[in-house]
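Thanks, everyone. I have one chain to walk through today. Please bring it up on the screen.

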Amino acid sequence: MPRLFSLLSGIFLSPWAWPASAQDELPEASWRAVRVMTAEEKVCLVSPPTDASKPVVIMLLSPRMVYSLLEWSRMRQAAEAIGYRVLSWKDPRVPEKEWRAALASPASTLNDPYALHAMPARCQWLWRGVNHLPMSFVSLGSQLHPWPVWGVMPDEAWREALQFRWLALQRALVHPSRH
């Protein structure tokens, strides 16, 4: 139990409060979790081609988890403000008619419904077994941090979660022989 508590506390530490050597002080489990994407993952997560030095957050959204649509525009803007490229995909288990109704609802805050894309059919295997949305993955170049970021959260917590993943990805790139 103490190991779990230690790991969870490390996840929520504010990267901006960490010393300059933050990458060396990341919990080892985080940067060791980073791995090179498989060929199948690259097809899904790096398409279209991106700047390999810019992190990407891929989020799967669903109107069945009401806060997904209420909060995603804000979370997308927060991620973009700290340098992320954002890809947002519709949960393919939700029929198109239900998507249209949700996006047309006055409760939806998605100011750019065209920024929400259908998940490519070849990528649906990545999300099998997902039972809570929104869910996102973070990548950098061909590296993937496989620990998903779950749910909707306030801007500060969202930025911290994304920064934590980015630091772990950078650490793994700098020290590839250690993982």
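What is the mean pLDDT of the chain, and what share of its residues reach 70 or more? The mean is 77, and 77% of the residues reach 70 or more. pLDDT, to be clear, is the predictor's confidence in each residue, from 0 to 100.

Ground rules. This is a predicted model, where local features need pLDDT of at least 70, side-chain atom pairs count only at pLDDT 80 or more, and totals for chains, interfaces and linings use all residues. Numbering runs from 1 along each chain as its sequence is written, and side-chain values use heavy atoms, with hydrogens and water left out.

One caution. Over residues 1-23, pLDDT stays under 50. The model has 28 contacts beyond four places in sequence for that stretch, a contact being heavy atoms within 4.5 Å. Where pLDDT is low, the predicted coordinates should not be read in detail.

Now the layout. The chain holds seven helices and six strands. Both are DSSP runs, numbered from the N terminus: helices are H or I with at least four residues, strands are E with at least two. Along the sequence the pattern reads α-α-α-β-α-β-α-β-α-β-β-β-α. Take contacts between residues at least 6 apart in sequence: 79% of them join residues at least 24 apart.

Next, the sheet. It is open, has six strands, and runs E1-E6-E5-E2-E3-E4 with mixed pairing. Pairing here requires that DSSP finds at least two bridges between two strands. The edges are E1 (35-36) and E4 (116-118), each pairing on one side only.

Look at E2, residues 55-61. With E3 (residues 85-90), E2 pairs in the parallel sense over six bridges. Met59 sits opposite Ser88 there, and Leu60 sits opposite Trp89. With E5 (residues 135-140), E2 pairs in the antiparallel sense, again over six bridges. Val56 has Ser139 of E5 as its bridge partner.

Is E2 buried or exposed? Seven of its seven residues are buried, so the strand is largely enclosed by the rest of the structure. Buried means under 20% relative accessible area, exposed over 50%, and partly exposed in between, with a 1.4 Å probe and protein chains only. Pro55, Val57, Met59 and Leu61 point one way; Val56, Ile58 and Leu60 point the other.

E2 also opens a β-α-β unit. E2, helix H5 (residues 66-81) and E3 form it, and the unit is right-handed. That is, with the strands pointing away from the viewer, the path from the first strand over the helix to the second runs clockwise.

On to packing. Of the chain's 179 residues, 43% count as buried. The largest nonpolar core has 28 residues. By nonpolar core I mean buried Ala, Val, Leu, Ile, Met, Phe, Trp, Tyr and Cys residues joined through side-chain atoms within 4.5 Å. Val57, Trp72, Ala79, Tyr84, Trp158 and Leu162 touch the most other members. E2, H5, H6 (96-104), E5 and H7 (155-174) each give two or more residues. H7 gives the most, with seven. A second, separate core has 17 residues, including Met37, Leu45, Val130 and Phe137.

Last stop: Glu28, in helix H3 (residues 28-33). Glu28 is partly exposed, at 43% relative accessible area. Glu28 and Ala168 are 140 residues apart in sequence, yet 8.9 Å apart in space, C-alpha to C-alpha.

That's the tour. Over to you.
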